[in-house]
Amino acid sequence: MTWVFDNLDLIWSLTLDHLRQSVIPIVLGFVIAIPVGWAAWRYTTLRGPVLTTIGLLYTIPSLGLFALLAAAGVPLISETNLIVALTIYGVAIMTRSVTDGLESVDPATRDAAIAVGYGPWRRFWTVDLPLSGPVLLAGLRVTATSTISLATVGVLIGQSNLGYLFTNGFQRRIVPEILAGVVAVVVIALIVDLLLVLAGRIAMPWMPRRTQTRSERSAARARLAGGVA
């Protein structure tokens with residue numbers, strides 16, 4: 001613990017860098033995944049190939065992806081390389097959530113919007129996107145957590161973030177430094193996840209807050225039956 005208290009400024013600085021390197025690709029990944037996921041949902045013949053191809057991007061090892069991006073012209077030792085790579089991983093996760101979210105919209109609701117004169121553009125923004133919100137939020141939470149965790153590999157291409165505490169702590173055999181990095185990453189992920197949940201509550205007040213489990217539903221029915229008896 002002495003090491004942690006003696007290096008709070010370093011931890012805070014690395015945390016801010018890590019947060020910046022994570023938030024940018026989370027936002028970019030979400031924005032890019034919306035049209036790609038919509039296309040996969042709209043054109044059913046393309047859905048399988050698009051989702052499969054996009055999903056395979058997540059299987060590319062991070063170091064290999066850094067090298068591929070460098071071959072494509074992105075400087076290898078740069079924050080841009082890290083952000084582009086994390087954005088690609090984010091799109092790979094988020095695209096299926098977009099497609100599943102649009103698929104979850106009740107066709108009757110969509111037909112009603114068409115019947116009252118909503119065009120495709122207006123229907124997407126006022127009907128399809130809001131009603132697919134719960135599924136999109138779930139996918140965004142997974143994307144955010146994954147991105148915050150993966151960002152630590154940026155230290156391998158010379159980027160300053162919480163991954164530094166892992167490599168430096170390992171090289172110097174300072175266990176508290178490694179633990180500080182782990183805890184900081186987990187805390188960031190939890191805070192971002194909480195903020196996303198709160199944003200979802202504000203943007204979608206109609207969203208169910210908690211789904212009862214099967215046992216809870218059975219218990220509720222039993223209490224109701226007991227009351228009626």
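In which helix is Ser-97 found? Hello everyone, let's start there: Ser-97 sits in helix H5. By helix I mean a DSSP run of H or I with at least four residues, while a strand is a run of E with at least two, and both are numbered from the N terminus.

Before going on, a word on the model. This is a predicted model, where local features need pLDDT of at least 70 and side-chain atom pairs count only at pLDDT 80 or more, while totals for chains, interfaces and linings use all residues. Residues are numbered from 1 along each chain as its sequence is written, and side-chain values use heavy atoms, with hydrogens and water left out.

Back to Ser-97. Ser-97 counts as buried because its relative accessibility is 14%; buried means under 20% relative accessible area, exposed means over 50%, and partly exposed is in between, with a 1.4 Å probe and protein chains only. Setting aside neighbours within four places in sequence, Ser-97 is in contact with Val-135, Leu-136 and Gly-139, where contact means heavy atoms within 4.5 Å.

Now the overall picture. The protein chain has eleven helices and zero strands. Of its 229 residues, 39% count as buried. Among contacts with a separation of 6 or more, 72% join residues 24 or more positions apart. The accessible surface comes to about 13000 Å², and carbon and sulfur atoms hold 69% of that; the areas come from the Shrake-Rupley method with a 1.4 Å probe, and for residues only the protein chains shown count as cover.

Let's look at a helix pair. The axes of H4 (residues 62-71) and H5 (residues 79-103) come within 10 Å and cross at roughly 120°. Those axes are lines fitted to C-alpha atoms, for helices over the stretch in contact, and angles run from 0 to 180 degrees between N-to-C directions. On the H4 side, the contact is made by Ser-62, Leu-65, Phe-66, Leu-69 and Ala-70, and H5 brings Asn-81, Leu-82, Val-84, Ala-85, Ile-88 and Tyr-89. By class, that gives nine nonpolar, two polar and no charged residues. Here Ala, Val, Leu, Ile, Met, Phe, Trp, Tyr, Cys and Pro count as nonpolar, Asp, Glu, Lys and Arg as charged, and the others, Gly among them, as polar.

Next, a loop residue: is Gln-159 buried or exposed? Gln-159 lies in the loop between H8 and H9 (163-172), and it counts as buried because its relative accessibility is 11%. Beyond neighbours within four places in sequence, its contacts include Gln-21, Ile-77 and Leu-82. Although Gln-159 and Ile-77 are 82 residues apart along the chain, their C-alpha atoms are separated by 7.5 Å.

Another buried serine is Ser-146, at 14% relative accessibility. Ser-146 belongs to helix H8 (residues 133-150) and touches Tyr-58 and Ile-93, not counting residues up to four places away in sequence.

Finally, some backbone angles. Most residues other than glycine have a negative phi. Arg-173, though, has a positive phi near 60°. Arg-173 is in the loop between H9 and H10 (175-203), and it counts as exposed because its relative accessible area is 65%. Gly-117, which follows H6, also has a positive phi, near 100°.
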